[in-house]
Each structure stands twice: as C-alpha cells, then as structure tokens.
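Student: I would like a close look at a single part of this model. Please walk me through it in one go.

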Amino acid sequence: MGFDRRFAFCVALWATCAGCSFHHKPAATRPAATMPALSQRQPMPLDDAMHLIDHRAAWTDLPPIDVPRNPAEKHLKDLTIVIDPGHGGADGGSGSTRPAGYKAGRAGEKEAYMNIRVGLLLERLLKDAGADVVMTRHGDDTIGLRERAEVANNVKRKRDGGVGADLFVSIHHNAGGGRGTNYTSVWYHGAVDDNEPDMDVARYLDLELSKAMRTQIARGAPIYSSQLMYDSGFGVLRACHVPAVLCECSFFSDPDEEQRLRDAGYNLREAYAIYTGLCEWAYCGRPTQTTPSVSGSGSELVLTTTLDEGIPNWWGSDRNRIVASTVQVTVDGQAVPISFDELTRNLTAKLPSSAGNGEHVITIHHANLLKNHNWPQRYQLSQSSAGAAVTALPALRPSRQPPRRATTRAS
Ligand SMILES: [Zn+2]
C-alpha cells in the first residue's frame, strides 16, 4: 500500500470509528488537519472484542453496503468476460409470450429485470477493473440460449487475440421450495472430471454471493452440475465452448427475498459479490501450457509441452508451483506414462502406438498451487503422411448423458 492509499485508509478508518459520514467524500477533499496518526488510535481491549462476539449479528442481517475496489481486480485486466443476464423480451420480459406469472415472484417482480440490473452493475464493475466485457443483452431483448453461448464462443479474446471468451457468466434467480427457501447455487456443465476450470470459478462465485446476500449457506453443495437438473444439462452451458457458469443468486419465490431483489442497491450487492469472486478467481491464475508437439513414429511417439502456472513471478517463483500429483495426460480417455520436470516445467508423455494413425483426443491436466486448473485441456492429434498436427479443442461438453450415478452407496 503506497503512502497516499495508506493515508486515505487511515482517514476512512478514523471517520468510520468516529461515526461521521464524510468518509464518503473523495479523498482529495479531506482536510489534512483531520488526519489521525495511526499510533494515536486506541487499540481495542480484549473485553471489547469479546463483546463484539457476544452481540454479533444474525447471518441474515445485511451489513451496510460498501463497494471498495478489490486490489486483486488488476488480475481481471484484459480478460474477456461475457455476462449473460438470463431471460428477457418474449422470455419473461415486457413482451413475454409465456404464461402469466412465468419467472416472476408473487408480487410480480420479473426475474428478467433483476437479472439485467445485476448484469449492468457487474458490467460497470468489471469494466472499471479493466476487463473486456461483452453483454449478451443490454436491454429487455429476446435472445435464444444458443445465441447467448455463441456470443462467448465467437468473441475475440483480448489478451491473446484467440477466439472464445475467457469466461461466460450467466445471471439468474431461482424459484421453488416455498416460502423461506433462499439459497445460492452456481452451476457448471458435465461431470466433475469434464470441466475443472468451470468448477474453479463457480466455487468463488457461490461463496461470495452467499456471503453478500446472506442466503442459506451450507444448506447444500455450493456448486452443482447442470446435468443433475436435466439429463442434458442447461442448454446455455452445454452450448458454450469456453469455461461457463450459471449463477442462481437467490430465490425470488421467497416473498421477502423478492422485495429485496426489487432494490438496485441489493442488486449491487449481488454484482459486487460476483465481481469479488471473479477478482479472487483471477488472482489465483489461469494455468495453461504451450501447444503440445508430437515427435517420433510408430510405438515411439512422444508428446512434449511446457506447463505454465498462470500466476505472476511472485516470491518463490523459482520453485515449483504446479501440484505435481495433478499432472496427467490422457489419449482417448486413457492415462499415459508421463515425465514432469518441476524446475523447467517441461512435460513429456509417451503415447501409445495406436496414436500413430488417425485422429485422437489428448487431454493435458494440471493445477497450480492455488488450485486453479489449466485451460485449454483438450487437443486433437491428427496423424497423416505429412506428420502430426495438434490443435486445441473446445472445452469438453460432449455428453447429453448425465454423469454416471451410483446405484448403491458404501455405508
Ligand atoms: Zn432464470
């Protein structure tokens, strides 16, 4: 923290403690004479700290709204993020062709409207952070599910000029369970081994949304596969070829929550929670690897790539920061022998002789010390008389079948 920011922090802290409100004014207008020295502030006695515990708020009490810049937002810079406010237009918007009451609370608040308010606020927060933001809708528009996904699939990535967003975030609110049901869930597509980068970000978003909105945290799992809901999963996630998640922020079917969701200030809590979750996710890095090359012939095919943790050269960057136990290479779903050099981060894999002909799907899998997984994870290996060609494939969304379910469970 630089001197100016330290100064501003001290003033804001003092003003907050003194119960006055001028800390909402810009730092430049604060009179220098009011600056308290840090050493002059009285430390809190232990009894007072215990008193705070004795009188702590209920989980459902919302703290005052506050939207400070998260220092980790710098890691969002130039990431291309598609925000998808769910529904709208003919699908539950002003020109809805759906039955009366579709995607609306008992008092009539439409989900499409709360989704767009959260989306617009999130757009503003992410653009302020330097992210490259694309909205699937800015107004009360009618947009199909595949059309929304195609926005993410076809957008040009700002960081490296590739095609496909770094992330697709769909914003929704939930219904069902009757009065009093009000929890947050974030959804990904596929089985747990299919889309690890999606699960990475889903976790951060759920925990931050639950905390900001004081929904019923720990009522169930924070994240779910959309294929638990429908065998084929959510159409919008299935159609995305990039990391994609869908937030069901809270339940508009709960009358109390519906009243809160009418308030843009409450929507700002949601948007800020998603922003915070994205800051934390981006801070933990986007591991990747060089496009693999394949050399040799027949039964001596060797794949070579160099892994990248996707994080800055922080202190300790001269040591390995990739969790070696997570490094894996598969060919057509079968793990193959690998050799990983922790110092150079070079990875070699011995491919089966069957890979010497035709086309094969190779996955490369690893996670950094902050537990974010690499993307892309899939490549297509094409062998011809001209040699081997390796190209990146979309995220793994192959299945209209649900993840396999155990018929019996061990007790
Ligand atoms: Zn919805």
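Student: Is Cys 249 buried or exposed? Please take the metal site along with it.

Tutor: Keep in mind that this is a predicted model. Cys 249 is buried, at 0% relative accessibility. Cys 240 is buried too, and its relative accessible area is also 0%. Now look at the sulfur of Cys 249. The closest cysteine sulfur belongs to Cys 247, at 5.3 Å. A disulfide requires the two sulfur atoms to lie within 2.5 Å, so the sulfur of Cys 249 is too far from that of Cys 247 for a bond. The structure as a whole holds zero disulfides.

Turn to the metal. The zinc ion is coordinated by His 87 through NE2, by Glu 111 through two OE entries, and by His 172 through ND1. These contacts run from 2.1 to 2.7 Å. The angles among the four donor atoms span 51 to 142 degrees, and the site is irregular. Tetrahedral would need all angles between 85 and 135 degrees. Along the chain, the donors follow the spacing H-x23-E-x60-H. His 87 sits in the loop between β1 (80-85) and α3 (111-128), while His 172 belongs to strand β3 (residues 167-174), so the pair ties together parts that are 85 residues apart in sequence. His 87 is buried, with a relative accessible area of 11%. His 172 is buried, also at 11%.

Last, confidence. The protein averages a pLDDT of 89, and 88% of the residues score at least 70. Over residues 1-28, the pLDDT is below 50. That stretch has 22 contacts in the model beyond near neighbours in sequence.

Key:
Residues are numbered from 1 along each chain as its sequence is written. This is a predicted model: local features need pLDDT of at least 70, side-chain atom pairs count only at pLDDT 80 or more; totals for chains, interfaces and linings use all residues. Side-chain values use heavy atoms; hydrogens and water are left out. Donors are N, O and S atoms within 2.8 Å of the metal (3.2 Å for Na, K and Ca); water is not among the atoms, so sites may look incomplete. Four donors count as tetrahedral if all angles lie between 85 and 135 degrees; four count as square planar and six as octahedral if opposite donors are over 155 degrees apart and all others between 65 and 115; anything else is irregular. Helices (H or I, at least four residues) and strands (E, at least two) are DSSP runs, numbered from the N terminus. Buried means under 20% relative accessible area, exposed over 50%, partly exposed in between (1.4 Å probe, protein chains only). pLDDT is the predictor's confidence in each residue, from 0 to 100. Contact means heavy atoms within 4.5 Å.
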